[in-house]
Amino acid sequence: MQCRGLVIAILAAACYSPSVQTGAPCGPGGECPSGQLCVAGVCGGTAPDDAPVRLDDAPFDTIADAPADGPPYIAWGTPLELTTLETPANNETDPSLTADKLTLVFNADTASSDSDIYIATRAALTDTFTFSLLTALNSTGFDDASPEISADGKTIYFTSARGGDNDVYISTFTTVWSVPVLATDLSSTSSDEDVAISPDGLTAVVEREGPPNRFYIYTRASTAAPFANPTVHTELNITNDIAGPTITNGGQVIYLHAGQPRDLYRATLTGNGTYTTPVPVTELSAAGIRDAAPFVIQTENYLVFERDGDIFETTR
């Protein structure tokens, strides 16, 4: 607004347009005032004038685009069990879901004592999930685990022992899910136990069995290119049995589980390419209870994980 004419106190006050303060909660869809980003549920940071600021498919990294000192850590809310994801043999774990949160994959034990992958869908966020075996991905008599579905629901990475040691496999969806093929760019001669893919598909984490277990982080320039340039991040080894990683775009934030019977931890990327020492997510780690296999969406305000063989969700 532009003021003209005599500078009169009343008019000057009418022309005053204060800048929007940061730190306010994001809207229910991740909305923030123009020029601000929704970072971990709080409005702050700076976005280009023409950039969308929204909850899902946000084009900005949650930590990299935060103010230099970052927003205060916001605790996760009370976890709620997704009770309709109860398989006959129980022990559901390793959930991941699409950006719209309408499709979820996980693995669970079967009657034959191996692990198989399931897929669950719902029509709206207010609906409950219904699930079925994802038979196209499972191999009889072998463990198929750690499924990681892409943000658009068209690709699933997972680990399987069908070739001997655990390796990483990939399947894609057109009208049906394709026969899984070995992801040679992410597999090794060691046992590849867990795999995690960032929402943009450009960063991958593979957990290789030890002891100690180690996280290898891969990158690629586009989703059409193979993953390459793995770096091992021993700074994440707070115990010898770290596992269950999930990662945001650019590897800015990583969650994992460690210890016995398992607790959740969080670490962030530093300016020199290493991670901070993982710290316990105490509000999601109950004493004496297994809390494991976290999966967090890019905006880090919705998380699913396993608690003692059941799938739970939490928001902040």
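1. A contact here means heavy atoms within 4.5 Å. By that criterion, and leaving aside residues up to four places away in sequence, threonine 110 touches Ala89, Asp116 and Tyr118.

2. The model is predicted: local features need pLDDT of at least 70, side-chain atom pairs count only at pLDDT 80 or more, and totals for chains, interfaces and linings use all residues. Numbering runs from 1 along each chain as its sequence is written, and side-chain values use heavy atoms, with hydrogens and water left out.

3. Threonine 110 sits in the loop between strand E5 (103-109) and strand E6 (115-121); strands (E, at least two residues) and helices (H or I, at least four) are DSSP runs, numbered from the N terminus. Threonine 110 counts as buried because its relative accessibility is 14%, the term buried meaning under 20% relative accessible area with a 1.4 Å probe, protein chains only.

4. The side chain of threonine 110 also forms a polar contact with the side chain of aspartate 114, at 2.4 Å. Such a contact is a pair of N or O atoms within 3.5 Å; within protein, one must be able to donate a hydrogen and the other to accept it, and residues adjacent in sequence count only if both atoms are side-chain atoms.

5. Of its 316 residues, 49% count as buried. Among contacts with a separation of 6 or more, 42% join residues 24 or more positions apart.

Notes:
Buried < 20%, exposed > 50% of the residue type's maximum accessible area, 1.4 Å probe, protein only.
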